[in-house]
Amino acid sequence: MIQFDLPKELIAQSPASPRDHARLLVYDRDTKVITDDYFYNLLNFIPEPTCLVVNNSKVDMCRMLFEGGKREIFVLEAVNDKTVRALVRPGKIFKLGESVSLSNDVSAEVTHIDNDGIRTIRFSEPTSHPDLVSAQHVPLPPYIKQNDELAEEYQTVYSKFSGSKAAPTAGLHFTPELEERVKTNRDWAEITLHVGLGTFAPLTGEQLASGHLHSENYEVSDDTFKKIADSKHITAIGTTSVRTLESVFNQGRTLMGSTDILIQPGYEFKRVNSMVTNFHLPGTSLLLLVEAFVGSESELQRIYNHAIKKEYRFYSFGDAMLII
C-alpha cells in the first residue's frame with residue numbers, strides 16, 4: 001500500500017465554497033494521463049452514457065458532548081429509548097456499574113463493556129430529554145475540529161436516510177445545481193449504505209488475510225437495481241457506492257443486507273466502470289480500494305505525489321479525484 005507524507009496544511013478543515021468549486025484530479029487508466037480541473041466540470045470527463053450511482057445515507061447526530069466536550073458518548077446503536085451502545089471518552093470515568101453525571105438532571109450507568117471497549121450505557125432519562133438532545137452533534141472526523149457550523153456541510157445535498165456515523169464524502173462536492181445538471185445529461189441512481197466508524201480505522205493483518213472488513217448495512221430498491229443492471233456504464237460516487245454495487249452484484253441480487261467486503265489489489269470489479277473519490281488516509285481500506293481500481297500501486301503513488309505537489313486538499317472536506 002502506498003505511503004505519503006502530507007503537510008498538515010493540506011488537511012482540509014472546511015469544504016470548498018461553493019461545494020462544486022473543489023478541485024478535481026482526473027486520472028485516465030488507459031492513457032495514464034493526469035488532468036487538473038474543478039468539480040463543477042465533472043460532466044466534461046464522465047463518459048456518455050453513464051449512470052451515476054450515489055449514496056444517499058445521512059449522518060446521524062451521534063456524538064454527545066458534555067462539560068464543554070470533556071466527556072463524550074459516541075452512540076453506535078440505540079437499544080431502546082434509554083439504552084445505547086457507545087464509545088466513550090475518557091474511558092476511565094465510564095467504569096462498569098458506576099453512574100456518571102452528565103448534567104443536573106441526567107446521569108449514565110455503564111451496564112456492560114465489550115472486549116473492544118464498547119459500552120452499553122443506560123441513561124437515567126429517555127434520549128428525548130432536552131439535556132441529551134442538546135448534547136447531540138454531527139460527528140466530524142477526528143482530524144477536523146468539532147464545529148457545529150459545519151454540520152450541514154458534512155451532509156450531501158441528496159442525503160435522505162439517517163444511519164451513517166461518517167459522511168460518504170465523495171458526494172459532498174455536489175450542489176443542488178450540479179445535481180440537476182447531471183440528472184439532465186446523465187442517468188442518476190441512489191443507493192443507501194450506512195457508513196460505520198471502521199471507515200477511519202487502519203487495516204489489520206487479520207482483515208487483509210480474511211478479506212473482510214467491519215460490517216455495514218445497505219439497501220438498493222428493485223427499480224434502482226434494474227436501472228443499474230441495464231446500464232452499460234456505471235460511475236460510482238465514492239467508495240461506499242463502489243462497495244455496495246460490488247456486494248450486490250457479487251451476491252447475485254441481494255438488495256438489502258450487510259456487507260463486509262474488502263476490495264484490494266487483484267479484485268475484479270463486477271459493475272463499476274468509473275469512480276469519484278476523495279484523497280484518503282494512508283493505511284485504510286478506502287485507499288486500498290482505490291489502489292485496486294487504479295490497478296497499480298506505483299501509479300496511485302504517482303497520483304498522490306502529484307496531488308501533494310499541486311497542493312490538493314485531502315480527506316473528508318478535501319478535493320476529489322475521478323478515475324476513468
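Biologist: Leaving aside its neighbours within four places in sequence, what is F45 in contact with?

Modeller: F45 touches L24, V26, T35, D37, L322 and I324, once neighbours within four places in sequence are set aside. Contact here means heavy atoms within 4.5 Å. Bear in mind that this is a predicted model: local features need pLDDT of at least 70, side-chain atom pairs count only at pLDDT 80 or more, and totals for chains, interfaces and linings use all residues. Residues are numbered from 1 along each chain as its sequence is written, and side-chain values use heavy atoms, with hydrogens and water left out.

Biologist: And where does F45 lie?

Modeller: F45 is in the loop between β2 (34–38) and β3. Helices (H or I, at least four residues) and strands (E, at least two) are DSSP runs, numbered from the N terminus.

Biologist: Why does F45 count as partly exposed?

Modeller: Because its relative accessibility is 22%. Buried means under 20% relative accessible area, exposed over 50%, and partly exposed in between (1.4 Å probe, protein chains only).

Biologist: How many bridges join β3 to β15?

Modeller: Three, and β3 (residues 51–55) runs parallel to β15. L52 has T235 as its bridge partner in β15. Three bridges also join β15 to β17 (residues 274–278), again parallel, and there I237 stands opposite V276. Two strands pair if DSSP finds at least two bridges between them.

Biologist: What is the order of the open sheet of seven strands?

Modeller: The order is β8-β9-β10-β7-β6-β5-β11, with antiparallel pairing. The edge strands are β8 (99–101) and β11 (136–137), each pairing on one side only. β8 pairs with β9 (residues 107–113) over three bridges, and S101 has S107 as its bridge partner in β9.

Biologist: Now helices. At what angle do α4 and α5 pack?

Modeller: About 90 degrees, with the axes of α4 (residues 222–230) and α5 12 Å apart. That makes α4 roughly perpendicular to α5. Axes are lines fitted to C-alpha atoms, for helices over the stretch in contact, and angles run from 0 to 180 degrees between N-to-C directions. Under 35 degrees counts as roughly parallel, over 145 as roughly antiparallel, 65 to 115 as roughly perpendicular and the rest as oblique.

Biologist: Which residues meet there, in α4 and α5?

Modeller: F225, I228 and A229 in α4 meet L245, V248 and F249 in α5. By class, the contact of α4 with α5 has six nonpolar, no polar and no charged residues. Ala, Val, Leu, Ile, Met, Phe, Trp, Tyr, Cys and Pro count as nonpolar, Asp, Glu, Lys and Arg as charged, and the others, Gly among them, as polar.

Biologist: What angle do α5 and α6 pack at?

Modeller: For α5 (residues 239–250) and α6 (residues 285–294), about 70 degrees, with their axes 10 Å apart. That makes α5 roughly perpendicular to α6. T239, V242 and R243 in α5 meet L286, L289 and V290 in α6. By class, that contact of α5 with α6 divides into four nonpolar, one polar and one charged.

Biologist: How far apart do the axes of α6 and α7 come?

Modeller: The axes of α6 and α7 (residues 297–309) come within 8 Å and cross at roughly 115 degrees.
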